[in-house]
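User: I would like to go through this structure by question and answer. Please keep it brisk.

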Amino acid sequence: MKKVLVLGATSAIAQATVRLLAARGAALYLVGRNAANLDVVAKDAATRGASKVEQQALDLDDFSAHEALVERAAQALGGLDGALIAHGVLGEQKACERSWTETEKVLRTNFLSAASLLTALANRFEAQKAGTLVVISSVAGDRGRQSNYVYGASKGALNVFLQGLRNRLARSGVAVVTVKPGFVDTPMTAHVPKNKLFASPEQVARGILRAADGRKNEVYVPARWALIMFIIRSIPEGIFKKMKL
Amino acid sequence: MTSEHQSWGRFPRVSRQAAHPVVWQTESLPVSSGPLLPHGLGRSYGDSCLNEGGTLLTTPTLDRLLGFDVATGVVRCEAGVSLDTLLRLVVPRGWFLPVTPGTRFVTVGGAIANDVHGKNHHRAGTFGRYVRRFELLRSDGSRRVCSPEEHRDWYEATIGGLGLTGLILWADVQLRPIHNPFVLTETVPLENLDAFFEVSRESEPDHEFTVAWLDGLARGRRLGRGLYYRGNFAPPQLEGLPLRKSHLNRASGLAVPFDLPGFSLNRLSVAAFNWLYYRVNLLKRGARLQHYDPFFYPLDAVQRWNRIYGRRGFFQFQCVVPHATARDALRELLERSAREVPSFLNVLKTFGSVSSPGWLSFPRPGVTLALDFANRGARTLRLIAELDRVTREAGGAVYPAKDAGMSAENFAAYFPQLERFKPYVDPAFSSSFWRRMTSASAVATSPLALGQGTGEGVGVPAAVPL
Ligand SMILES: Cc1cc2nc3c(=O)[nH]c(=O)nc-3n(C[C@H](O)[C@H](O)[C@H](O)COP(=O)(O)OP(=O)(O)OC[C@H]3O[C@@H](n4cnc5c(N)ncnc54)[C@H](O)[C@@H]3O)c2cc1C
């Protein structure tokens, strides 16, 4: 990936990935909601060696802006050969249970906005018969659990969407990479007591680039989550529904 | 949430301390019931980076590089950027830090707040001299860009200001050019303290970097026996210089994985270490070319080396004494410390007369001595109190970044600009150190009564096994 559009560039995982891309001299088009925060991320990328950095502050919940955004990024970088979709919200399960408005917000940001962006990106990449689409999903999409099934559902839907897209784009040589991180130690999880399962954003970023370079399909980062989720998926529903996970 | 953050010496231990990661410059400071204190990488040894009963504003998440002008060597970065990150960026482009402490794992904010010094103080002065501008965020929400031209008083109060004047958001640092990442070094054996003064005098005019390591056990005529290191950045042409491949770089995957039991550092093992260190390094006498990393950061090769002192932690004591009184004072300090379980690392260096803009900056002309001691409770505190007294009588000063035991009265004597500084302290900011140094009842108490004078009513005694 040399000319990369990064959506949600101010998230901790995206920032860490941007740094690695910058160190490789990639050209970057960064999109985030907060203009001032986006600005320091852009400066950081430029200082660390990105060959070009362009930025645009945008609320990605505004789907109508997506087509134009992709077009603008491609123009600014002189083409696109990669995109990283990293924006998303954790939401609050309890609030979602009480209110459809809250639930809808999570589904809109995590699934609908990603699907809308992927539609624009997939058509462009399919036409140019090249490129890599990398999407940050979550292990939470592997199985619905009482503690965060709204977030999980948004990621689960995303996973199926990506599967289909991968299937469609395989013949045009476009890679679609689903990244499923486990727990990540980011400012957003600052309130959660940390244990050995937590990975650093840098660790996850390295995993993301490894998967993108290898044009992988679905990867768990760190890899141990493949085993953990295999076990969790294998628990019979009759038992699972009585568990408190 | 209570935070796990401790200082590098792991003494005193704090139990009720929250942590709030600062992620963006745009954020406002959190509202908290206790006082706030910025915290970098916790490489201060004592309690100046601790805030019992309050909240640490942790800054390693405020870590963006904001610009680097390769032509002028000015780098702008957020305050949580480490010197390690800066070196990785600037060394390949022909620049180096103007001043560096003995570890690369400190933040730019921490380096400013303690106005750190390095092996080139006699030439370059302190880190603060190279800080062109920075932005300060106060708890009232105000933001000030400070430099010698704008808000000069805030600039001078914050350099060496112990994190008390507000949160530094970003800074511009002027680097110094280098031709390559190598240092041409020389090791000179020292027979005793007198030799140190002699070798210093003769070395300083032509060597940018100087420092001496002393054998903590040598006494009597041998007192002050050690090794003197001096060096300069290598010239553009390396041909003909004694470069060995092993000096090119080194992997530092070594780490102390757990606390060593306290008894592993007894008189015998420290004696063995000091003896061995002296012999091994004596063999390296003479000039050689060395990569900057092992030259400036020998201790960084072993991560978390502070654990060798066990769970009870250790004290570092660093003071500076004026040239006029240095010989006698150093003799006394070394003799007293040799009677204790000898210090693992004894470092001696002269400070030059290049002054710092910082009102509370520690370095001043004279000779500085750093010692460390495993924590053995009241006994060690008593020793620190003695060393503090000797320093005061010699007209010197103790380094707050390394302190867990100086008296409040002596602190006021060491830093004559203290009263000028006080109005610049952010009303919402404080530290365990600051309360120990300034609360009314602390003034009269000795370090043995540590903590009883702190405003919170919580302090050290519980942690000191008497
Ligand atoms: C192995 C080793 C060798 C050392 N060698 C030297 C040496 O040669 N010379 C020397 O001078 N020191 C030396 N030190 C001490 C070290 O350089 C200082 O304590 C340094 O300030 C630590 O920086 P830090 O980022 O870890 O900050 P911390 O220890 O976390 O904090 C230090 C101070 O900085 C303040 N601070 C941190 N960030 C900010 C911010 N953004 N805004 C405002 N205030 C802030 C804190 O409140 C605190 O008062 C050494 C330490 C070690 C462990």
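Analyst: A residue counts as buried under 20% relative accessible area and as exposed over 50%, with partly exposed in between. The model is predicted.

User: Is Cys96(A) buried or exposed?

Analyst: The cut-off for buried is under 20% relative accessible area. Cys96(A) has 7% relative accessibility, so Cys96(A) is buried.

User: What is the relative accessible area of Cys319(B), and how many disulfides are there over all chains?

Analyst: Cys319(B) counts as buried, with a relative accessible area of 0%. A disulfide needs two cysteine sulfur atoms within 2.5 Å. Searching the whole structure for such pairs gives a count of zero.

User: Which residues come nearest to the ligand?

Analyst: The shell around the ligand holds 35 residues. It divides into 18 nonpolar, 15 polar and two charged. The nearest are Pro38(B), Arg43(B), Ser44(B), Thr107(B) and Tyr399(B).

User: How much of the ligand's accessible area does the protein cover?

Analyst: On its own the ligand has 970 Å² of accessible area. The protein covers 96%.

User: Which elements give two or more residues to the shell around the ligand?

Analyst: They belong to chain B. They are β2 (36-39), α2 (108-113) and β9 (167-174).

User: Where is Ser44(B), and which side chain does its side chain contact?

Analyst: Ser44(B) sits in the loop between β2 and β3 (55-58) of chain B. With 11% relative accessibility, Ser44(B) is buried. Its side chain makes a polar contact at 3.2 Å, and the partner is the side chain of Asn114(B).

User: Which strands stand at the edges of the open sheet of chain B?

Analyst: The sheet has eight strands in the order β15-β11-β13-β12-β18-β19-β17-β20, with antiparallel pairing. An edge strand has a single partner, so one of its sides has no neighbour in the sheet. That applies to β15 (286-291) and β20 (397-398).

User: Why is β12 of chain B described as largely enclosed?

Analyst: Side chains in a regular strand alternate between the two faces of the sheet. From β12(B), Phe209(B), Val211(B) and Trp213(B) point one way, while Thr210(B), Ala212(B) and Leu214(B) point the other way, and all are buried. Strand β12 (residues 209-214) is largely enclosed by the rest of the structure because its buried residues number six of six.

User: Which residues stand opposite Leu214(B) in β13(B) and β18(B)?

Analyst: β12(B) runs antiparallel to strand β13 (residues 226-233) over six bridges. It runs antiparallel to strand β18 (residues 346-351) over three bridges. Leu214(B) faces Gly226(B) in β13(B), and in β18(B) its bridge partner is Asn346(B).

User: How far is the C-alpha atom of Arg222(B) from that of Val74(B)?

Analyst: Arg222(B) lies in the loop between β12 and β13 of chain B. Arg222(B) is partly exposed, at 48% relative accessible area. Val74(B) is 148 residues apart from Arg222(B) along the chain, and their C-alpha atoms are separated by 46 Å.

Definitions and conventions:
Residues are numbered from 1 along each chain as its sequence is written. Chains are lettered from A and ligands numbered from 1 in the order in which they are written. This is a predicted model: local features need pLDDT of at least 70, side-chain atom pairs count only at pLDDT 80 or more; totals for chains, interfaces and linings use all residues. Side-chain values use heavy atoms; hydrogens and water are left out. Buried means under 20% relative accessible area, exposed over 50%, partly exposed in between (1.4 Å probe, protein chains only). A residue is near a molecule or strand if one of its heavy atoms lies within 4 Å of it. Accessible areas come from the Shrake-Rupley method with a 1.4 Å probe; for residues, only the protein chains shown count as cover. Helices (H or I, at least four residues) and strands (E, at least two) are DSSP runs, numbered from the N terminus. Ala, Val, Leu, Ile, Met, Phe, Trp, Tyr, Cys and Pro count as nonpolar, Asp, Glu, Lys and Arg as charged, and the others, Gly among them, as polar. Two strands pair if DSSP finds at least two bridges between them. A polar contact is a pair of N or O atoms within 3.5 Å; within protein, one must be able to donate a hydrogen and the other to accept it, and residues adjacent in sequence count only if both atoms are side-chain atoms.
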